[in-house]
Amino acid sequence: MNGLLEVKNLCVGLKEQPSRLIVKHVDFTLRQGKALALVGESGSGKTMICKALMRLLNRKKFEVSGSIRYREVGLLTLKEKEMRSLCGSKMAMIVQHPMTAFNPTIKIGAQIIESIRAHRKIGKKEAYDIGIQALEQLNLPRCEQLMNSYCHTLSGGMLQRIMIAVALIHQPDILIADEATTALDVKNQSMVLEELDYLKKRGIALLLITHDLGVAAKLADDMVVMKSGEIIERGTVFELFASPREAYTKELLGARLMKGAGL
Ligand SMILES: Nc1ncnc2c1ncn2[C@@H]1O[C@H](COP(=O)(O)OP(=O)(O)OP(=O)(O)O)[C@@H](O)[C@H]1O
Ligand code: NI
């Protein structure tokens, strides 16, 4: 089966230092209804990969090469306008610090309306109603009040769930979650995990970046282990938890986590 998103030989380097690659010849495929976990120590290049996929790296500073194909469309050569319309609609990303995704000086509702209208030619009232609906779908409380709030008055968990609601408005078929549960307390973490699991069941392809191997074990089907910008091991989550080959993977997994994941 062909994947929704196929990444081949992806490299990211600094223009100033072409000899040192940050992401080195990375290959993976995202498939419908499946989650791929990207794990590895801090600085191993996970966020760089996400940013390269969403074209968030400054092209003056970074050199991105290889191929990223979404439904047979090459994204690295896609025009800026087409890429903008794809990102935020069919390909969405949620990040660790939702606070950074919102503008502190504008009410949440106005930002949601703006993001909806960036992809659909509709009036403000209609966009507002879609926004409310999106928040309600995630079972968020008092949605009208939320629309009327500024982000600094809301908790991290609430903002994270609002960000997911916004990411889902255009019914993406790929969702990239970069440490999306790391900053949350246990209750919000489990709510977000349930939401991600539900999306997977509805057919979304999930790229899950996480330090938490318990999260990977719960949600992911396949796992890729990164070290210093390279993929050093890959397999199904079951294979990697049951019989990791590389010492580094074994170290990441650790005896305690293996037990905690129930595998
Ligand atoms: N703005 C930048 N300029 C130059 N190099 C950078 C920049 N941002 C990141 N890097 C380099 O890219 C490497 C990979 O960073 P990246 O943020 O992708 O790591 P990560 O795996 O996401 O780590 P973490 O788990 O801490 O989020 C870093 O080690 C750093 O050397
Ligand atoms: Ni990161």
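This is a predicted model: local features need pLDDT of at least 70, side-chain atom pairs count only at pLDDT 80 or more; totals for chains, interfaces and linings use all residues.
Residues count from 1 along each chain as its sequence is written, and chains are lettered from A, ligands numbered from 1, in the order written. Local features need pLDDT of at least 70 and side-chain atom pairs count only at pLDDT 80 or more, while totals for chains, interfaces and linings use all residues.

**Exercise 1.** Find the partners of strand S1.

*Solution.* Helices (H or I, at least four residues) and strands (E, at least two) are DSSP runs, numbered from the N terminus. Two strands pair if DSSP finds at least two bridges between them. Start with S2, residues 17–30: seven bridges pair S2 with S1, residues 5–14, in the antiparallel sense. Leucine 5 faces leucine 30 of S2. The link from S1 to S2 is a hairpin of two residues. Next take S4, residues 62–70: eight bridges join S4 to S1, again antiparallel. Here valine 7 stands opposite isoleucine 68.

**Exercise 2.** Locate the buried side of helix H3, residues 108–117.

*Solution.* Buried means 20 or more other C-beta atoms within 10 Å of a residue's own (exposed: 12 or fewer; partly exposed: in between), with C-beta atoms placed from the backbone. Ile108, Gly109, Ile112, Ile113 and Ile116 qualify. They lie on the same side of H3, because their arc around the axis is only 135 degrees. The arc is taken from the directions from helix axis to C-beta atoms.

**Exercise 3.** State the makeup and extent of the protein.

*Solution.* Count 10 helices and 10 strands. The C-alpha trace spans about 55 × 45 × 35 Å along its principal axes. Of the 263 residues, 38% are buried.
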